[in-house]
Each structure stands twice: as C-alpha cells, then as structure tokens.
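Dear colleague,

Please find the structure below, handed over for your own work. My notes on what was found in it follow directly after.

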Amino acid sequence: MKIKFFCPRWGSEHIEWKTFLTDVKNAGYSGIEWFPFAETFDKNEVFDLLADLQLEHAFVMTVTKPFSNAKEYCSLLKDDLEKLIGLCPVSRLPLFISAQTGREYFSEPEIFTALSVCDGIEQQYGIPIYQETHRNKWSYVAHNVYRALQQKEDLKIALDVSHWFCVSESYLNNQQPEVAKAIQHTHHIHARVGHTQGPQVFDPAFPEYAEALNAHLAIWDEWINVRKQKGYAACTVTPEFGPPPYLTIGNRIIDAQKEQWRLNLWIKQFLQNRFNVL
C-alpha cells in the first residue's frame, strides 16, 4: 500500500510559496493540506507551482465568520465550501476536503443538517468531504461520532485522535467500540501526538511521551490494517504538529516554524518506516 504524506501549510503561511512548496517536494511529501482563507495569495502562482512540482493538495477548513444560530452557520458552511472549490482550476481540484464542522453545543438535528450541507457539496462537485474530529466541533468526542455513525453509515472521517485523548483525559481504553467504529470510517489521518492534558506533546521522541505515542500508534496501525483489508491502494496522512500555541516554546530561543517542520518530518519518517513493515 502506498502511503501519501501531506505537509500542512498551517504555521508556514509567512513562507513564500515557491520556497515552501520546493521544501515540501524535497522532503518527500506527496502534497500539501491547506486552508486558503488563512492568507492572501496569487492562486495562479500556487496552482502552477503545484502542477510544476507534481504535488497534490487537499483543503482543511472551518467556518471562521461569526454566526448566531445553526441555520446561519449552515449557510456560511455552504458558502465557504463553494468558495474553496471555486478557487481551483478544474484540473487542480483538491483530493479531499477535511471539514471541521459544526460546534460542540449543536443539537443532533443541527449536526445532521450541517452534515447534509457537506453531502450536497460532495455530490455536486465530486470532491470527498471528511469530517475532522476536533475539539470545539460536533466531533469533539468519540461517543458523539459513534452515535452519528450508527445513523449515517456513509459518514467519512478525518481522524485526529489527539483531540479525543485531550477532551476525554484518557487514551479511550473504556471506549474501544467507539474507536473501532471510527477507524472503520476513517479516510485520512492527522498524525499529531497529543496526550491526556493537551493536543500536542512537546516532542514525540521524548521517553516521557512513550505512552501517548503508543496510544496513537495502536489506532493508526489498526487503520492501516483496515484499509489493506478493504483493498485500498493508498492512504493519506498529514503530520500535523502545529505552530504556537500548540508548539511550546518555553525558554528556548528557536525558530517556531523550523521546529514545527522538524517535528512533522520526524513523525513522517517514523510512520514511513513503521507502515512499510506492517
């Protein structure tokens, strides 16, 4: 099975696009995952560079405009998804969209209304939309997603389990059916290592984070095995260690972007070596 690693643009928005994408290519990534609304850019330049460097791309998105109720939110969600897709030349559509959808306080009917908006856009444009598991969103806990999956078998997930570990203050040992169900519906992984007290460890190579790393690896390994059993030819993974405040600076004098880049390269290489022997 081919593992395609995507580099996050998050944290590198200040880096000139040619430099950033050249570094992405040289580091062995297959493409990038980015949120275009987070910066201003020349779209012709970006898409030409992606084509020249033979890099794929995927979008990650969330609604950033204020809203007063779920109905207003769903209207903004639809508009934002359409605007995202409208940025792309027909020949350079995203491989998928990872959507941080809804809010943690939405009612179940409101959640399913938001999901139906994503379904409509996916069907209209033929671009898969994955529901990212994320704090502050409807998918912030495993049991919420489990209930949704029981009612909506076609739900596709971008699994970032670091958020679930943080929110539940556990490694979900007592929620194994919920985790197993989520793995079956996962189409993309955000490979950040979190722990029971936060969504990102200081450094996943440190021995004090071995329990956290192993808890993630158990889930990621199982996902790779499930994908193989289902006959998929490829998997996509975004190493997604983030910039400050996800990244802890402490008393260090460092370049935050370079440290974030290093952490993501570390997890990329670690998983490449691991998945190649699974």
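I begin with the backbone. E169 is found in the loop between helix 6 and helix 7, where helices (H or I, at least four residues) and strands (E, at least two) are DSSP runs numbered from the N terminus. This is a predicted model, in which local features need pLDDT of at least 70 and side-chain atom pairs count only at pLDDT 80 or more, while totals for chains, interfaces and linings use all residues. Residues are numbered from 1 along each chain as its sequence is written, and side-chain values use heavy atoms, with hydrogens and water left out.

**Backbone geometry**

Most residues other than glycine have a negative phi, and most peptide bonds are trans. E169 is not a glycine, yet has a positive phi of about 50°. L172 lies in the loop between helix 6 and helix 7 and also has a positive phi, near 65°, in a residue other than glycine. Are these two residues buried or exposed? E169 counts as exposed, at 52% relative accessibility, whereas L172 counts as buried, at 1%. The terms are set by relative accessible area with a 1.4 Å probe and protein chains only: buried is under 20%, exposed is over 50%, and partly exposed is in between. A cis peptide bond, with omega of about 10°, joins P244 and P245; P245 lies in the loop between strand 8 (234-238) and helix 9.

**Helix 7**

Helix 7 (residues 176-184) has E178, V179, A182 and I183 as its buried residues. Seen down the helix axis, these fall within an arc of 135°, so they line one face of helix 7; the arc is that of the directions from the helix axis to the C-beta atoms. The cover over these buried residues includes helix 5 (142-151), strand 6 (157-159), helix 6 (161-168), strand 7 (186-190) and helix 8 (210-229), with contact meaning heavy atoms within 4.5 Å.

**Aromatic rings**

The structure holds 18 aromatic pairs. Rings of Phe, Tyr and Trp (its six-membered ring) pair if their centres lie within 6.5 Å; planes under 30 degrees apart count as stacked, over 60 as edge-to-face and the rest as tilted. The ring centres of F67 and F106 are 6.3 Å apart and the planes are at 80°, so this pair is edge-to-face. F67 lies in the loop between strand 3 (56-62) and helix 3 (70-86), and F106 in the loop between strand 4 (97-100) and helix 4 (108-125), so the pair ties together parts that are 39 residues apart in sequence. F67 is partly exposed, with a relative accessible area of 22%, while F106 counts as buried at 8%.

F106 also forms an edge-to-face pair with Y73, at 5.4 Å centre to centre and 80° between the planes. That pair links distant parts of the chain, with Y73 in helix 3 and F106 in the loop between strand 4 and helix 4, 33 residues apart. Y73 is buried, with a relative accessible area of 2%.

One aromatic cluster is formed by W17, F20, W34, F41, F47 and F59. R9 lies over the face of F20, 4.7 Å from the ring centre, and R227 lies over the face of Y232, at 3.6 Å. A charge sits over a ring if NZ of Lys or CZ of Arg is within 6 Å of the ring centre and within 35 degrees of the ring normal.

**Cavities and pocket**

How many cavities of 30 Å³ or more does a search of the whole structure find? The search finds two, and the largest cavity holds about 70 Å³ of space. On a 1 Å grid over the protein atoms alone, a cavity is a set of points where a 1.4 Å probe fits but cannot get out, and a pocket is an open set with protein on both sides within 12 Å along at least five of seven lines; lining residues have an atom within 4 Å of a point. Grid points are joined across faces, edges and corners, and a volume is the space filled by probe spheres set on the points. Helix 4 gives the largest share of the lining of the largest cavity, four residues.

The largest pocket has a volume of about 330 Å³. Its lining has 21 residues, of which W10, V60, Q100, H134 and E240 lie nearest the centre. Strand 3 gives the most to this lining, with three residues.

Yours sincerely
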